[in-house]
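Me: Could you take me through this structure? I would like to begin with the ligand site and then turn to another part of the chain.

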Amino acid sequence: MNTLIYAEPTENEIKSAAKVIKNGGLVAFPTETVYGLGACATSGDAAAKIYAAKGRPSDNPLIIHIAKAEDAEKYCYTTELFYKLAKCFMPGPLTVIMKKRDIIPTTVTGGLDTVAVRIPMHETALKLIEFSGLPIAAPSANISGRPSPTCLDHVVADMNGRADVILGGGECEVGLESTIIRCEEDLSISLLRPGAITPEMLSAAAGGALVVDVSTRKLEDSERPQAPGMKYRHYAPKAKVIVLEGNAESVLRYMEKMAKDESVGFLCDEEAAKRLGKRAFSYGRRDNAVEMAHNLFKNLRAFDDHEEIHTVYADMPRLDGIGSAVYNRLIKAAGFDVRRIGE
Ligand code: TXA
Ligand code: MG
């Protein structure tokens, strides 16, 4: 397939991309979280192309992207809580799961009777949705299993030849995928995937509702996941990733010892990276989880350009705010291999 790439798309180029969506084709586009690979969400055939292009298992459902909260009712049975949260956080990095209407085919929802809905906060994404007049089903625009793309180069690396059109839009501001939640009958909120909208923010917006984090836990083989995506290996570079937990000084000393091995790389804060040398990638300042979130996927991808690196030791991020979302992605990249480093 010949892929058209518009690095800085004009309004007319976004309009022609919207036509591609209407005709059942695939368009990669920027959002504030990560780039998405979009197709018409009311067409099972179009959605099937997404799974094929990504090499994604067909029971892993897609998020549908709309431009306005009022449109949600056309595609699902909305709840009061949805509108409350939409008022606070949409457009923005929050996805809400609700019971789907028949217009959304089960190809999009991985066979489920629910659908995930979000309003992205990026001008190009919103224009693409508006010009197409359709909801756009879009997972992250990476080949299945690889880190989500946070800049145009990543999307081109994975989707050139697989999507009809790629729209650029700079570096994604957040750098991690949206927070995903489901509202339960008892009015509590289940957190299926942590992101920039934190449990504290959700609870405050929902009048003190209980938020139960069901996201960061390894599932047994026989267990049915809360969110289907939870059972798949994710975000992984080719090298093996190991997360190190312990106080900063002990972890750094351990890393310095391991640095003698040329096949070892590091993911750590910028001060530690300076001390560890050229196979160390920095995810930013230690006290800044927003910066770590922004840089995580870029760094995980960067290891793939260093074939000599077979093992990556990653420092544990701080866990407050968006830090718990960074940790969630990191331990999935590590296949839950977290090692405690003694004092
Ligand atoms: O920030 C984002 O959410 C990005 C951008 C492109 O919008 N999209 C994204 O999509 O991360 P994806 O496909 O990589 O992740 C979607 C995840 C699925 O893996 C699944 O865990 C969950 O959303 N999901 C979708 N529909 C669901 C449903 N009906 N019930 C439970 N989980 C669902
Ligand atoms: Mg994804």
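**Ligand site and a helix residue**

Me: Which polar side-chain atom lies 3.0 Å from a nitrogen atom of ligand 1?
Reply: This is a predicted model. In it, the atom belongs to threonine 114, at 3.0 Å from the ligand nitrogen.

Me: And which side chains have an N or O atom 2.7 Å or 2.8 Å from an oxygen atom of ligand 1?
Reply: The side chain of threonine 33 has an N or O atom 2.7 Å from a ligand oxygen. For arginine 118, the corresponding distance to an oxygen atom of ligand 1 is 2.8 Å.

Me: How much of the accessible area of ligand 1 does the protein cover?
Reply: On its own the ligand has 680 Å² of accessible area, and the protein covers 96% of that.

Me: How many residues surround ligand 1?
Reply: There are 26, and the closest are Thr33, Arg56, Asn60, His65 and Ser178. By class, the shell comprises 14 nonpolar, eight polar and four charged residues.

Me: Which strand gives the most to that shell?
Reply: Strand E7 does, with four residues. E7 spans 114-118, and strand E4 (63-65) also supplies at least two residues of the shell.

Me: Changing topic: where is serine 132?
Reply: Serine 132 is in helix H4, which covers residues 123-132.

Me: Is serine 132 buried or exposed?
Reply: Serine 132 counts as buried, because its relative accessibility is 5% and the cut-off for buried is under 20%.

Me: What is serine 132 in contact with, leaving aside neighbours within four places in sequence?
Reply: Serine 132 is then in contact with Ala18, Ile21 and Lys22.

Definitions and conventions:
Residues numbered from 1 in each chain as written. Chains lettered and ligands numbered in written order. Predicted model: local features only at pLDDT ≥ 70, side-chain atom pairs only at ≥ 80, totals over all residues. Heavy atoms only, no water. Near = heavy atom within 4 Å. Polar contact = N/O pair within 3.5 Å; in protein donor to acceptor, adjacent residues only side chain to side chain. Areas by Shrake-Rupley, 256 points an atom, 1.4 Å probe, with all protein chains shown as cover. Nonpolar A, V, L, I, M, F, W, Y, C, P; charged D, E, K, R; others polar. Buried < 20%, exposed > 50% of the residue type's maximum accessible area, 1.4 Å probe, protein only. Contact = heavy atoms within 4.5 Å.
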